[in-house]
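Hello,

Here is the structure I promised to pass on. My notes follow below it.

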Amino acid sequence: MTETSGTEARSPEDSDEAAVAVDRDADTITPTASDADEVDGADDGDGDDGDRDDAGDDAGERDAAPTKADLFRESEIAADYVEGLLDILDYDGDIDELVAAGRPMVEVVGGRLNSLVGTRGATLEALQELARLAVFRQTGSPSRLLLDVGGYRANRRKELGAIAKNAAEKVKEYGEAVRLEPMSAFERKCVHDVINALPGVESESEGVEPARRIVVRPIA
């Protein structure tokens, strides 16, 4: 039985709204093909703000900036959707909906949720896209919703910060570009943010998904 905060008790989304294929033996979730279609760059702002090519968010921004009430409504819709998934899987979790840094957020905390994160957050990214789709279906507007499970994103940010600083030190020491391993849009954004705050180095992304990666170079 899931618990939520910030809203009244919820009921799961309609079956077509919460369309996912559940493999109970594998204990994983597979998004349906129709819902999992991904547009490059619509990753959000945790997307790849440092990429010139990953600018899908700009194209999807609304004419008028959403109010805090609008953003909180988005988080409520997404929380309803996520709760429906947890009920299908018979997972226990506390769901918090909030607005932070000008964007709607949903955080899920509980035990036995690792399968909702997946390898390097791949399942989490897919679930986030599905939650955004649920928001879009009700509001008619693209969402920059950020979904986190078990504090994965906060922990990964710390790891990526260390990776970015290490790469910057190597660039400064040897004067040569350093290419990092392929990363998701969320991961690239985290690295760009760190590099942009450091003197003497710059970063850009190269390649195409899923092999898109960051290159850290000395500033000429």
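Pro 210 sits in the loop between E8 and E9. Most peptide bonds are trans, and most residues other than glycine have a negative phi.

A word on the basis. This is a predicted model, numbered from 1 along each chain as its sequence is written. Local features need pLDDT of at least 70, side-chain atom pairs count only at pLDDT 80 or more, totals for chains, interfaces and linings use all residues, and side-chain values use heavy atoms, with hydrogens and water left out. Helices (H or I, at least four residues) and strands (E, at least two) are DSSP runs, numbered from the N terminus.

Now the strands around that loop. E8 (residues 201-206) pairs with E9 in the antiparallel sense over six bridges; strands count as paired if DSSP finds at least two bridges between them. Ser 205 has Ile 214 in E9 as its bridge partner.

Which residues other than glycine have a positive phi? Ala 101 is one, at about 55°. Ala 101 lies in the loop between E4 (94-100) and E5 (103-109). Ala 101 is exposed, at 82% relative accessible area. Arg 120 is another, with phi near 50°. Its place is the loop between E5 and helix H4 (122-139). Arg 120 is partly exposed, at 38% relative accessibility. The cut-offs: buried is under 20% relative accessible area, exposed over 50%, partly exposed in between (1.4 Å probe, protein chains only).

Last, the cores. A nonpolar core is a set of buried Ala, Val, Leu, Ile, Met, Phe, Trp, Tyr and Cys residues joined through side-chain atoms within 4.5 Å. The largest has 25 residues. Leu 86, Val 106, Val 108 and Leu 116 have the most contacts inside it. H3 (68-89), E5, H4 and E6 (146-149) each supply at least two residues of this core. H3 gives the most, with eight residues. A second, separate core has 16 residues, among them Val 178, Met 183, Cys 190 and Ile 214. That Ile 214 is the bridge partner of Ser 205.

Best wishes
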